[in-house]
Amino acid sequence: MTAPSLTARMVDRAAFEAIAAAHPEVVIPLEQTPDWVEFERALGRAPLGIWEYRDPSGELVATASFIHVVRRLRASVVAVNGPVWFAERTPAAERLLLEAVREQFRKDPTVDPLYVRMQVATRQAPATGPIEHGWYEREIVVDLRPTEAELLKGFRPNARNSIRRAQRDGITVRHIPREEWTAVFARELFPIMVETAERDGFQSFDSTYYETLLRVLGDHLRLLVAYQDGVALSWLITTEYRGYAVYYFAGSTHAARRMFAPYLLLWEAFRALKAAGNTACGLTGIESENYPSLANVTTFKRNFSKNVVVVPTTYDIPLNSARYAAVSAVLAARRSGPSAAKGLARRMAGPTRLRRSSPATTKS
């Protein structure tokens with residue numbers, strides 16, 4: 001006997017806010033809100049709206065905000081840090097959601113994605129892959145409900161000593177006024193991000209990405225900067241939504257690390273977030289099986305809490321299994337070597353050649 005399917009319906013801001021208000025206990029990531037939709041649109045990307053999924057009795061199961069992403073060889077639909085669950089997340093319930101999402105975008109005439117990417121707690125068909133991982137799988141979460149003294153006492157001794165050393169070295173932390181955010185970031189902070197990326201081996205966004213974030217999502221952000229003698233050494237951006245905060249972006253110079261400025265900076269951020277009524281702060285990704293490169297930040301983050309939270313892994317939901325397998329093989333060969341990739345690409349030029357993106361797809 002086939003289980004009843006879920007119904008999908010796009011919701012507007014008013015409907016989303018009504019859902020959120022009716023479920024105050026559910027942590028809704030900022031990336032799954034109408035405000036983030038506006039941020040994506042300001043970047044020139046193609047958000048596909050926020051959708052609700054209900055069971056045959058009309059009970060809400062989950063919501064998901066999707067973005068249409070176009071890359072060479074493949075287009076995809078991505079739920080960033082989603083979906084958000086309002087019903088019990090059992091394997092059976094998740095299977096129904098995966099199937100509903102697959103059918104939804106198979107039937108959507110405006111997009112032609114190779115796959116839908118979203119977080120899946122229990123890997124099962126039709127989820128597979130992914131072609132590449134898209135979100136961290138473990139993070140440290142700091143409980144902000146204790147008093148400041150209790151919070152500080154809960155840090156590792158290394159963190160407490162580093163905070164005191166930064167204070168002795170004359171490091172001061174400034175909460176940048178909102179009207180100065182974009183100018184200060186472009187002039188003083190983006191060069192620090194470039195240095196951070198070069199040192200830690202990752203590719204940062206360009207300055208306009210962060211400036212757009214600060215401009216569009218300002219109601220949910222804080223920008224703190226650590227200075228010594230008027231020179232910016234380290235900075236961070238935090239987000240806040242419904243009492244849950246996230247240590248979202250940060251950068252530091254070599255000098256900042258020598259003087260332990262990031263420790264004092266994060267401590268002052270915790271104090272401000274707590275004072276504003278936030279009950280927890282996620283420190284984002286730490287090392288896991290699929291993200292060994294995060295080992296360099298894991299040691300720092302573990303200084304502030306022992307609370308490790310497992311985040312569902314992102315998987316792909318192929319809309320055409322044969323196309324998905326072919327593209328996966330090409331990309332795997334490309335990572336192995338250019339000659340193997342060329343050979344696969346030539347073979348794919350026959351009967352299994354990929355379809356071109358539809359006109360609606362190429363606009364985004």
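Visitor: What is the strand order of the open sheet, and which pairing does it have?

Guide: Strands of a sheet pair through backbone hydrogen bonds, either parallel or antiparallel. Here the open sheet has seven strands in the order 8-9-10-11-12-7-13, with mixed pairing, where strands are DSSP runs of E of at least two residues, helices are runs of H or I of at least four, and both are numbered from the N terminus; two strands pair if DSSP finds at least two bridges between them. This is a predicted model, in which local features need pLDDT of at least 70 and side-chain atom pairs count only at pLDDT 80 or more, while totals for chains, interfaces and linings use all residues. Residues are numbered from 1 along each chain as its sequence is written, and side-chain values use heavy atoms, without hydrogens and water.

Visitor: Which strands stand at the edges?

Guide: Strand 8 (172–175) and strand 13 (308–310) each have a single partner strand, so one side of each is left without a neighbour in the sheet.

Visitor: In what sense do strand 7 and strand 12 pair?

Guide: Strand 7 (residues 138–143) and strand 12 (residues 280–285) are antiparallel over four bridges, and Asp-143 has Ala-280 in strand 12 as its bridge partner.

Visitor: Which residues of helix 2 meet helix 7?

Guide: Trp-36, Glu-38, Phe-39 and Ala-42 of helix 2 meet Tyr-209, Thr-212, Leu-213, Arg-215 and Val-216 of helix 7, contact meaning heavy atoms within 4.5 Å.
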